[in-house]
Amino acid sequence: MDDANYYAYQYNEMGVKPKKIRILDSTLREGEQHPGVTFSNKQRIQIAWMLDYFGVDQIEISPVVSPDHKEATKTIIKQGLKADIVAHVRALKEDVDVAIDCDATWMATYLGISEIHMKDKLRITREEALRRSVETVEYAKSHGLKMRFTVEDGSRADPEFLMQICKAISDAGADRISLPDTVGIMRPNGMYNFVKSIRDEIKTPLDVHCHNDIGLALANALAGCDGGADQIHTTIDGIGERTGIPALAETAVALTYLYKSPNNFRLDMLMDLSRLIEQYTAIVPYDSKPIVGPTAYKHKAGTHLAAILRNPAAYEPIEPKVVGNRRRIVFGELAGKNGAAYLMSLLGLEQNETHAKAVAAGLKNLRMGDLLEIPLDDRLERKIINDTEVKVKTGK
Ligand code: HCA
Ligand code: CU
């Protein structure tokens with residue numbers, strides 16, 4: 001671990017014991033619910049292989065959406081991947097039958113349990129919701145399936161009813177319970193309290209599924225894990241209904257570096273996974289997207305360039321190559337004397353303090369914004385750092 005981060009990590013670790021937090025990736029289920037996203041079966045299979053190689057613990061796919069999806073689910077299950085393949089279906093016997101027909105060993109089923117979901121969406125009473133939940137779990141368990149039950153819209157459900165349902169499905173043998181913040185309404189402390197309230201009463205392992213409607217999905221999911229959950233739902237690039245759920249890249253990096261969770265993720269695949277989705281969906285990650293966005297490792301201001309040239313950790317939390325990204329520096333109005341000297345050394349020009357200052361002033365006076373962007377590799381960096389150091393320092 002980088003020394004530069006030492007004190008920050010000390011604050012982070014205060015009172016938070018490292019524990020293993022798993023990832024369920026739902027690119028093939030929640031991700032396909034993103035407007036405009038639909039994969040071919042070949043693409044679904046490739047995504048599953050790559051997610052498995054990356055090291056996620058579970059991969060979720062819905063076999064009930066279309067015959068195509070059912071086919072993809074069957075084929076992916078047959079691949080014998082390390083990750084569990086979780087067939088995601090509604091809380092209905094006929095849907096459980098589809099999972100069984102796919103030869104699933106793991107399935108997940110969901111039922112809305114907030115008043116608005118029961119009254120206006122499903123048109124069922126609490127009693128019916130409770131009965132349907134228990135019956136579905138019992139039915140799946142009687143067929144030897146491992147199963148997760150999702151109390152959909154759980155963060156907006158009456159806490160007493162939520163507890164009653166969770167106890168009932170847990171007693172019926174559910175292997176995991178997913179506590180979702182379906183409309184992304186929680187703040188981190190709220191998510192902590194929500195999960196903790198269930199954790200204190202029920203032993204069943206808990207998932208958190210947090211939507212990003214207000215931009216708090218990952219923060220909430222992590223707070224939920226502090227509250228007792230041990231599995232976070234993600235998708236590649238965070239795609240999903242509306243504004244989606246936590247991005248795999250941010251979640252995996254946060255778990256590895258900030259939470260010290262022992263996962264063995266192949267973090268250097270993160271850029272490639274993002275590119276794969278870009279290629280299959282034409283959804284380009286926005287510029288400043290953490291970890292995989294085009295500017296995640298670009299440095300621009302003169303003061304930043306000067307520091308980056310001596311030690312990149314001055315303005316980077318983790319090295320770009322760790323996540324498959326690349327460091328770039330941007331030359332333009334803000335490049336300053338050090339940036340200019342760097343640029344001159346790249347062009348093979350002789351540099352000294354006066355020339356470097358003149359070039360910096362020239363870049364500023366052009367008023368053309370960013371003129372040039374250069375990707376760096378270790379060798380180039382070392383060479384230029386040394387040259388720039390010597391020449392700018394001595395000013396000769
Ligand atoms: C859905 C709802 C869901 C389920 C989450 C889960 C949600 O679109 O089917 O199964 O853990 O956000 O509540 O995605
Ligand atoms: Cu969701």
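Student: How many strands make up the closed barrel here, and in what order do they run?
Tutor: Eight strands close up into a barrel in the order 1-2-3-4-5-6-7-8, and the pairing is parallel. Strands (E, at least two residues) and helices (H or I, at least four) are DSSP runs numbered from the N terminus, and two strands pair if DSSP finds at least two bridges between them. By the way, this is a predicted model: local features need pLDDT of at least 70, side-chain atom pairs count only at pLDDT 80 or more, and totals for chains, interfaces and linings use all residues. Residues are numbered from 1 along each chain as its sequence is written, chains are lettered from A and ligands numbered from 1 in the order written, and side-chain values use heavy atoms, without hydrogens and water.

Student: Which helices lie against strand 5?
Tutor: Helix 6 (residues 126–142) lies across strand 4 and strand 5, at about 165 degrees to strand 5. Helix 7 (residues 159–171) packs on the sheet too, touching strand 5 and strand 6 (176–181), and its direction makes about 170 degrees with that of strand 5. Contact means heavy atoms within 4.5 Å.

Student: Is strand 4 mostly buried or exposed?
Tutor: Strand 4 (residues 106–112) has six of its seven residues buried, so the rest of the structure largely encloses it. Buried is under 20% relative accessible area, exposed is over 50%, and partly exposed is in between (1.4 Å probe, protein chains only).

Student: Which strands does strand 4 pair with?
Tutor: Strand 3 (residues 84–90) pairs with strand 4 in the parallel sense over five bridges, and Val89 has Thr109 in strand 4 as its bridge partner. Strand 5 (residues 146–152) also runs parallel to strand 4, joined by seven bridges. There, Tyr110 has Thr150 in strand 5 as its bridge partner.

Student: New topic! How do helix 2 and helix 11 cross?
Tutor: The axes of helix 2 (residues 41–54) and helix 11 (residues 270–281) come within 11 Å and cross at roughly 170 degrees. That makes the two helices roughly antiparallel, a label for angles over 145 degrees.

Student: Which residues meet there?
Tutor: From helix 2 they include Ile47, Met50 and Phe54, and from helix 11 they include Leu273, Leu276 and Tyr280. The residues of this contact divide into nine nonpolar, two polar and one charged. Ala, Val, Leu, Ile, Met, Phe, Trp, Tyr, Cys and Pro count as nonpolar, Asp, Glu, Lys and Arg as charged, and the others, Gly among them, as polar.

Student: What order do the strands of the open sheet have?
Tutor: The open sheet's three strands go 9-10-11, with mixed pairing. Strand 9 (298–299) and strand 11 (370–375) are the edges, each pairing on one side only. Strand 9 and strand 10 (residues 328–332) pair in the parallel sense over two bridges, and Lys298 has Arg328 in strand 10 as its bridge partner.

Student: And where does Leu366 sit?
Tutor: Leu366 lies in helix 14 (residues 353–366). With 45% relative accessibility, Leu366 counts as partly exposed.

How values were computed: Axes fitted to C-alpha atoms, helices over the stretch in contact; angles between N-to-C directions. Parallel < 35°, antiparallel > 145°, perpendicular 65-115°, else oblique.
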